[in-house]
Amino acid sequence: LSDFLKDRLPQVGLDYDTYGPYVLPLLTEEEVDADEWESVLELLQASSESHSDDEACWMQLRADIQAAWASHLQTQQQHEQEQHEQRAQELSAALAEERRLAEVAAQEAQQKEQQSTSVVDDAAKRALMDRFGYEDDAAEGGDDDNNGGGALANQQVAAQAAQERTNEMRSNKGQTKKDEQAKTNKAKMEKARVKEDDENGVRRENGGEDD
């Protein structure tokens, strides 16, 4: 408001540097007592070299100063409101950016997990191919290879796996049969041994009676 007073006070015959400090304390957001305004205006009127006898111009000066001060307060409040809205927009934008970054991080983590799963599946597939000794030529061939060669290779793998299980079952069955035969032979030998011991005992008893 200093610029307004620098322009307005000289119009009533007053120097701003001398009389401006008397007016500025009246311009506050709090209500100023009417007696203070009257005292300042009387000082200004008495000091004026050109308008000391013009009562109306001093009432107009007071009205102009108060109107300029009200406009200043309104502009200041509007500026503060704009700053508040700007800070709110910046905060909203920052929160939106944080959410976006969090979503991007989640998507990247999901992609990495899917890639890791794919790597594990590929490793299992390679291990299966190494085990059964074939390679999937379908990956290198055209559509015909994908429809024919791949299916044939898978059938061969399945057949070989079934053959291995059959051989394993036969091996286990043969081993079990051998074990049963061994147990039977052992039982026969034990039975013969017991019979022989009984016969020897009977002979000894008969020999003792003859004596």
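The side chains of Arg100 and Glu97 form a salt bridge with an N to O distance of 2.7 Å, a salt bridge being a side-chain nitrogen of Lys or Arg within 4 Å of a carboxyl oxygen of Asp or Glu. Both residues lie in helix H4, three residues apart, about one turn of the helix; helices are DSSP runs (H or I, at least four residues), numbered from the N terminus. Arg100 is partly exposed at 40% relative accessibility, and Glu97 is partly exposed at 35% (buried means under 20% relative accessible area, exposed over 50%, partly exposed in between; 1.4 Å probe, protein chains only).

The model is predicted, with local features requiring pLDDT of at least 70 and side-chain atom pairs pLDDT 80 or more, while totals for chains, interfaces and linings use all residues. Residues are numbered from 1 along each chain as its sequence is written, and side-chain values use heavy atoms, without hydrogens and water.

The count of salt bridges comes to three. In one of them, Arg8 pairs with Asp64, the closest N and O atoms being 3.0 Å apart. Arg8 lies in helix H1 (residues 2-8) and Asp64 in helix H4 (residues 55-132), so the pair ties together parts that are 56 residues apart in sequence. Arg8 is buried at 12% relative accessibility, whereas Asp64 is partly exposed at 23%.

Arg62 forms a salt bridge with Glu38, with the closest N and O atoms 3.6 Å apart. Arg62 belongs to helix H4 and Glu38 to helix H3, so this pair ties together parts 24 residues apart in sequence. Arg62 is buried, with a relative accessible area of 17%, and Glu38 is partly exposed, at 35%.

Methods: Helix = DSSP H or I, 4+ residues; strand = E, 2+ residues; numbered from the N terminus.
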